Amino acid sequence: MTVFAVQPEALRETLLSLLGDQVRHVKVALGEVEVLVAADNYSAVATLLRDAPGLKFEQLIDLCGMDYSSYQDGAYEGPRYGVVLQLLSVSLNQRVRLKVLCADDGFPVVDSINDVWNAANWFEREAFDLFGIIFEGHNDLRRILTDYGFIGHPFRKDFPTSGHVEMRYDPEQKRVVYQPVSIEPREITPRIIREDNYGGLH
């Protein structure tokens, strides 16, 4: 039996009727449906998206952190950090993007939704490692890509491209040691120099 995809506008109306005032907005852009929720409603909305009869988003495809600090050249005003999820309903053949913004820029926190979709486990660890977003209730929130002693969060837009520390093996101490980065920051602008009549053009 073929299940036809639900039209975005019809899905938007279903989402609005089922989620009500728990969402800040539901919009359709470029044929995709996006739901924005406050951090306080994030876990409840995620559970409804999974379980409600007209939604049935059984599968979490992706979850990632976001840093909006330089979004739209400073025209954006709002929380700096957010989390974005891509969800799929296999049974109803529909997709939705769920977005939640962290209330506190200094200490970004949202609920873990690992109990809703267990695929979130490593995604949340990655967002914690790279963006510093805390997922409250996660039972094993530790770094997943960087070293345990790593300082900072590399995907934050204010993180220096050379990092804060470097590590090396010290033969005298017979172990790996950390030290401040010894690379001088510099700006490299590539130059293109072409000879006259390059490519046979006159």
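## Surface, fold and pockets

The protein chain exposes about 13000 Å², of which carbon and sulfur atoms supply 52%; accessible areas come from the Shrake-Rupley method with a 1.4 Å probe, and for residues only the protein chains shown count as cover. The model is a predicted one, in which local features need pLDDT of at least 70 and side-chain atom pairs count only at pLDDT 80 or more, whereas totals for chains, interfaces and linings use all residues. Residues are numbered from 1 along each chain as its sequence is written, and side-chain values use heavy atoms, with hydrogens and water left out.

Three helices and nine strands make up the secondary structure of the protein chain, and along the sequence they follow the pattern α-β-β-α-β-β-β-β-α-β-β-β. Helices (H or I, at least four residues) and strands (E, at least two) are DSSP runs numbered from the N terminus. Of the 202 residues, 33% count as buried, where buried means under 20% relative accessible area, exposed over 50%, and partly exposed in between (1.4 Å probe, protein chains only). Among contacts (heavy atoms within 4.5 Å) between residues at least 6 apart in sequence, 51% join residues at least 24 apart.

Grid points are joined across faces, edges and corners, and a volume is the space filled by probe spheres set on the points. In the table, Ala, Val, Leu, Ile, Met, Phe, Trp, Tyr, Cys and Pro count as nonpolar, Asp, Glu, Lys and Arg as charged, and the others, Gly among them, as polar.

| Pocket | Volume | Lining residues by class |
|---|---|---|
| Largest pocket | about 270 Å³ | seven nonpolar, one polar, five charged |
| Second largest pocket | about 220 Å³ | seven nonpolar, three polar, three charged |

M66, Y68, Y71, Y76 and K99 lie nearest the centre of the largest pocket, and β1 (23–29), β2 (32–38), β3 (59–67) and β5 (94–101) each supply at least two residues of its lining. In the second largest pocket, α1 (8–19), β2, β4 (81–89) and β5 each supply at least two lining residues, with β5 giving the most, four residues.

## Core and individual residues

The largest nonpolar core holds 36 residues, of which L15, Y42, L63, L85 and I113 touch the most other members; such a core is a set of buried Ala, Val, Leu, Ile, Met, Phe, Trp, Tyr and Cys residues joined through side-chain atoms within 4.5 Å. The elements giving two or more residues to this core are α1, β1, β2, α2 (42–51), β3, β4, β5 and α3 (120–131). Leaving aside neighbours within four places in sequence, I113 is in contact with residues including Y42, L63, L85 and E124.

V83, found in strand β4, counts as buried because its relative accessibility is 0%. Not counting residues up to four places away in sequence, V83 touches Y42, L63, C64, L98, K99, V100, V110, I133 and F135.

H164, in the loop between β7 (134–136) and β8 (165–170), counts as partly exposed because its relative accessibility is 41%. Residues up to four places away in sequence aside, H164 touches I151, F159, Q179, P180 and V181. The C-alpha atoms of H164 and G152, twelve residues apart along the chain, are separated by 7.8 Å.

Technical notes. 1 Å grid on protein atoms, 1.4 Å probe; cavity = no way out; pocket = protein on both sides within 12 Å on 5 of 7 lines; lining within 4 Å.
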